[in-house]
Amino acid sequence: MKHLAFLFLFFLTSQTVHSWKKDEFRACDQTPFCKRARFRKPGSCTLIATDVSISDGDLTAKLIPIAEHDHDQDPIKPLTLSVSVYRDGIMRLKIDEDPSLDPPKKRFQVPDVIVPEFEGKKLWLQSASSEKLDGNTGGLISVVYLSDGYEAVLRHDPFEVYVREKAGKRRVVSLNSHRLFDFEQLRVKKEDEDWEERFRGHTDTRPYGPQSISFDVSFYESDFVYGIPEHATSFALKPTRGPGVEESEPYRLFNLDVFEYVHDSPFGIYGSIPFMVSHGKSGKSSGFFWLNAAEMQIDVLAKGWDAENGILMPTEQSRIDTFWMTEAGIVDTFFFVGPGPKDVVKQYMSVTGLPAMPQLFSTAYHQCRWNYRDEEDVENVDSKFDEHDIPYDVLWLDIEHTDGKRYFTWDKLLFPHPEEMQRKLAAKGRRMVTIVDPHIKRDDSFHLHKDASQRGYYVKDASGKDFDGWCWPGSSSYPDVLNPEIRSWWAEKFSYKNYIGSTPSLYIWNDMNEPSVFNGPEVTMPRDVLHLGGVEHRELHNAYGYYFHMATADGLVKRGDGKDRPFVLSRAFFAGSQRYGAVWTGDNSADWDHLRVSVPMILSLGLTGMSFSGADVGGFFGNPDPELLVRWYQLGAYYPFFRGHAHHDTKRREPWLFGERNTALMRDAIRIRYTLLPYFYTLFREANVSGVPVVRPLWMEFPSDEAAFSNDEAFMVGNSLLVQGIYETRAKHASVYLPGKESWYDLRTGTTYKGGKTHKLEVSEESIPAFQRAGTIVPRKDRLRRSSTQMMHDPFTLVIALNSSQEAEGELYLDDGKSFDFKHGAYIHRRFVFSNGHLTSSNMASSTLGNSKFSSDCVIERIILLGYTPGAKTALIEPGNQKAEIELGPLRFGGQHGGAAVTIRKPGVRVAEDWKIKVL
Amino acid sequence: MKLTLSVINLSLVFFSLIISSHESSSSLPSNSFLGIPPQDEEYFNGEIIKCKNGSKKFTKTQLNDDFCDCPDGTDEPACPGGKFYCKNVGHSPSLLYSSRVNDGICDCCDGSDEYDGKVKCPNTCIKAGKVAIESFKRKIEVYQEGIALRKQEIEQAKRAVARDKAELSGLEKEREVVGKLVNQLDELVRKLEQEHQENEDKMREAQNEKVENEKNGPEENADNQIEPMKTSDVEKRWQSGKSPSDQNEKDGDDSSEGLSREELGQLVASRWTGKVKEIDQAKNDQENGGQDAGYKESVADNASHQSWLNKIQETAQHFLNLFSAPVANLDANQIRKEYNDYTAKLSDIDSRISSLTGKFKHDFGKENEFYLFYDRCFELEQDKYVYEVCPFKDAKQKGGNSETLLGNWVEFGNSYRLMLFTDGHKCWNGPDRHLKVKLRCGLKTELTGMDEPSRCEYAALMYTPVLCLEEKVEEFKQKLESMNQVQEQEQRWGHDEL
């Protein structure tokens, strides 16, 4: 018996090495809709567009089959099609069942994702022109205006929709060019039919039967496609099938809590954004977004996949074909014309909203662990940061802080004085974050459960009872956050009155909101579970976490009377989640591969709107050796969201636990982030205004530099910094590609490197490769503090990296760091330009926002000139005609030895004012 | 608290210097030596000063001009890399990280770290100095009282060592006598058995064939009746699927089908938490633990020892006499009983000897001051658990029905200021549990805190008079004296100024 038990333990232990339980998740060929769709051959769609007209400002049509085939099958009812056009180069295509033909059920359209302002951008189409393809020999098309230089086209027979350039008629994005379009219409079940699906002991009753949709989308002038997170894989999406490609699973979009996910797989993990971006040699980008929250599977097809199907495609344009499949919902798709990568991102964000402006503290360093055990532990960790002079802003509490995993409560033994604990942190300008998950413990003595069940606010199982699933607390139910009333109820739970023990310095972490259901199929909720108005879970699954995140963020806004920006970190996400807060890449592992894959994952998130994202520094599962941990801090310092986190079975890994040398290295990495906070905050504002992400792929800044297209080792922080991680142990060298024609300056030493070239660089343990691009100005704050809060009044340093014409420019944004007053004009936004030996500061703030003002007494204490020929001795400051000395000064402070550079000492000019500094 | 944690305390050697420069510690800091330790002032006296890391030079006017010239902060105690010296007159001076200067938080008790006027920091040095003196005095008192207790403890330990040594030598004698006796009884018993066997063989040959069938049947049945009941019980339990080991088995098969919904939930949860496994392991260990108790049996105490030894010797003599008698005359049962009794006795003695010898192998400290810790266990109730630390043996965590071994005794560490236990129960996905017990001077020997800084790495705090060392008190007294001097000086100065 003992023997047996031992063997057993051994088995379990050995299993943890490769623990991704692949079998527990459905592959495409175990998923009937996906299997069916993947079997379809190009050309099998026989739908044509009829009744084409303009109505209500849209181009509308009916889709009907060209000929009756297969008399055994149900007759195909006409589908309705509409093409709408929105400002700035956006075309929307909707296809649904015709409501006037009484389908058995209204198909689900995802609510509350498209921002209300979007409808205001609609262009009311007046007319469509008809053309014949191929010089009047081909089929008929209807053409409408899309934007300057672009047209939207509906081809009638066979039906095809695309966007093209007006001049030259070159295509941009098209749908159904390969006639793979298929729309399974809802119908009444026949007697001999079995619609149930079974998977590993779970039965999906599928009361509405098959209702999937699939179609092909082609991107033109395209060499790579990107986006559709969340997958742990390369940034440029590898083909999943086609000639010369090892056939793999399609990219799956299905929010799942995957235990120990692997680092190179198209498999679906915590979040889903069905938005793809293409880019090619021409320097142009385009995009395609499908607003649909059901399970989605996407194939990227290798060139030549369609060689034998006889469909003629324009051959003069390079092209990438993709194939999109979903289990339910409707076709509600958006085509973005670009043409620049930043344009595509902006166009997508005008549909789904701009990223929220975060509080300043949340852009600094976060310290988390499952779990900081008790108040003493919290106090101890907090004081150790001070003892080692390492700054941090937020201390996090995971699930064990609660009373039996009842969120909004505290374990009375471990955390008897939560308010006092938070106040102690707040006295040093620090915040706390506690976890609040969507599973509510089914315990009648728990007020939240009582309240939710009495009000009928839980998601219902197929039989209409409250759905009962298993999660951390044991038996649990889940609030139906699809319902706005329930979201509003949930939001109220965050008021100081309701959340006992919470204070204004407490913020929230939403975990497990895929939702994770331990005893559910694929560790999530059964698809036949019911939401508001009889909506099946299958129809909105990928958006559940989004609505939960939304409700929580709204709760924090309400809590602070609308005066305090919320901070909510979520694990699950959907298109639009950028409006509600940050996300992280979930339960990664402490190995080099996961360090490496964090970069493409964060790039994909940023490209699809989720600008505020990061990976757990150190890796959640397992124990990183000190070298890996140091490298992770060095890279993590440039993640938009920078948090150290660890599983409760791992050894403690706070930055001071690995000897003096490693402490110094991690301290230095964290300090770099703190000195760059003004730059990061400016970038967060840029994202908030334009949607351009904080961390970007190289090609977003250098769209024509082909060598950068598939580079996902390095990334840009804003337009000025390029960073590349060190992804292997004991690295002596690193090959770093520096794009563009201008030079780059090593951030630490100031050494110059040529652009457009791969450099083989020596690597030390002290830092990872990081460079400032010539022609940019980066604002810093060089004085170190306990937390970002104390940096408020500290003076700025400007680092001017001059290009070959001795010019540079940059920006600085600052506000109070916490309130919404910036929306009414209470901020400072400066533009710095250096040219002809003059540095000028001018106002960039919009004057139309309102009367609210933000003032700052901060001055610029130092100006560093990189690439400036030494010799000048003084600088003259206008207005006032004051003089400042110029000398050689250090590039960095406090840490390792760095380089020296020409420095203007103590110009003392105020950041809020206009001024000019002349180098004499 | 904040001061001691976040500040580097300076040695008291500099106290005289502070007092001499007292006048300059006025509230508005305009002097260029602000934040510079007095012993460093000389370094900054020249017109051209070097950065300490040699990278650069700066002029006297650049010293403390609110601009960082040196990359290491030499020119500016408030620059990254620099340290800011607080005089803290009336209390201990301290060196702050530059990050604390003018950050809006009062760090030094004299408030000199916040000189930009954004916040006003009251001078709390006198008060803090007094508090520090008071708490230091209390500490000395505890030590002084503790030293007396420690002496008592050592005396008692001495006596206990002597007692144990006497017992051991007594036992060794006893072992000789009883050992002989057992050997003789053994011979006698064998003799008896041989004869008995011969008789039996003859009888059996005669009866063999007849009896065989009748005899075997019923016995076999009786044997089998118990077994099937057991198995069916086990099966039932397995089928009902409520035991944790059941879930493990299923996971081992990597098949979650056929589990109840609750079981599946628990199973999946256990991947993150490892809880299922721990239950299983705790159970195993309980089974193991049970066996230990059986080995120990108390041996008669010293007082009755002597008479008992005499009795044995008498008995031995009695059996020696029997040896010469013919076998047939002996009471076989009686002899077997005696044999068994004395064998048991012998094994008790052996076990006691080995336990005493084992005990003496331990290191009980320079003066055997930890001798009385042997066979003692110290308990602490904390949160949901009771912790039991038994020096020289093991340490456990008890909660509910489970008991977890935190470690087995290894040795003292850090000059007898630490007890180390390792090789406890293995953690799921983690290391073997281990425990470090820090020892501090206190008036009672007690366990006062248990912590698990990393998963399965435990740390406890134990107070005991054994740690109240005399030489420490002298050191403390000297320190107290200098603290008092500083206070007195400050009060005199303060008075003069008025």
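Me: Angles under 35 degrees count as roughly parallel, over 145 as roughly antiparallel, 65 to 115 as roughly perpendicular and the rest as oblique. How are α8(A) and α10(A) placed to each other?

Reply: They are oblique, because the axes of α8 (residues 484-492) and α10 (residues 544-559) of chain A cross at roughly 50°. Those axes come within 8 Å; they are lines fitted to C-alpha atoms over the stretch in contact, with angles from 0 to 180 degrees between N-to-C directions. Helices (H or I, at least four residues) and strands (E, at least two) are DSSP runs, numbered from the N terminus. One caution: this is a predicted model, where local features need pLDDT of at least 70 and side-chain atom pairs pLDDT 80 or more, while totals for chains, interfaces and linings use all residues. Residues count from 1 along each chain as its sequence is written, chains are lettered from A and ligands numbered from 1 in the order written, and side-chain values use heavy atoms, without hydrogens or water.

Me: Which residues of α8(A) and α10(A) meet?

Reply: Contact means heavy atoms within 4.5 Å. On the α8(A) side you will find A:R487, A:S488, A:W490, A:A491 and A:E492. Their partners in α10(A) include A:Y547, A:F548, A:M550 and A:K558.

Me: At what angle do α11(A) and helix α12 of chain A pack?

Reply: The angle between α11(A) and α12 (residues 626-636) is about 10°, with the axes 10 Å apart. That makes the two helices roughly parallel. Among the residues in touch are A:W592, A:L595 and A:V599 of α11(A), along with A:L628, A:W632 and A:L635 of α12(A).

Me: And where do α13(A) and α14(A) meet?

Reply: Look at A:R673, A:Y674 and A:T675 in α13(A), which meet A:L677, A:P678 and A:F680 in α14(A). The axes of α13 (residues 659-675) and α14 (residues 677-690) come within 5 Å and cross at roughly 55°. So this pair is oblique.

Me: Which members of the largest nonpolar core touch the most others?

Reply: A nonpolar core is a set of buried Ala, Val, Leu, Ile, Met, Phe, Trp, Tyr and Cys residues joined through side-chain atoms within 4.5 Å. Buried means under 20% relative accessible area, exposed over 50%, partly exposed in between (1.4 Å probe, protein chains only). The largest core here has 193 residues, and A:W490, A:F518, A:F567, A:Y638 and A:V717 touch the most other members. Helix α11 (residues 592-607) of chain A gives the most to this core, with nine residues. A separate, second core of 47 residues includes A:L125, A:L175, A:Y251 and A:I320.

Me: What does A:V717 touch?

Reply: Setting aside residues up to four places away in sequence, its contacts include A:Y638, A:Y679, A:F680 and A:L683.

Me: Is A:F573 buried or exposed?

Reply: A:F573 is at 0% relative accessibility, so it counts as buried. This residue lies in the loop between β31 (568-570) and β32 (582-584) of chain A. A:Y546 is 27 residues away from A:F573 in sequence, yet their C-alpha atoms are 5.1 Å apart. Beyond neighbours within four places in sequence, A:F573 contacts residues including A:P229, A:N255, A:Y270 and A:L605.

Me: How many helices and strands does chain B have?

Reply: Chain B has nine helices and 13 strands. Of its 498 residues, 42% are buried.
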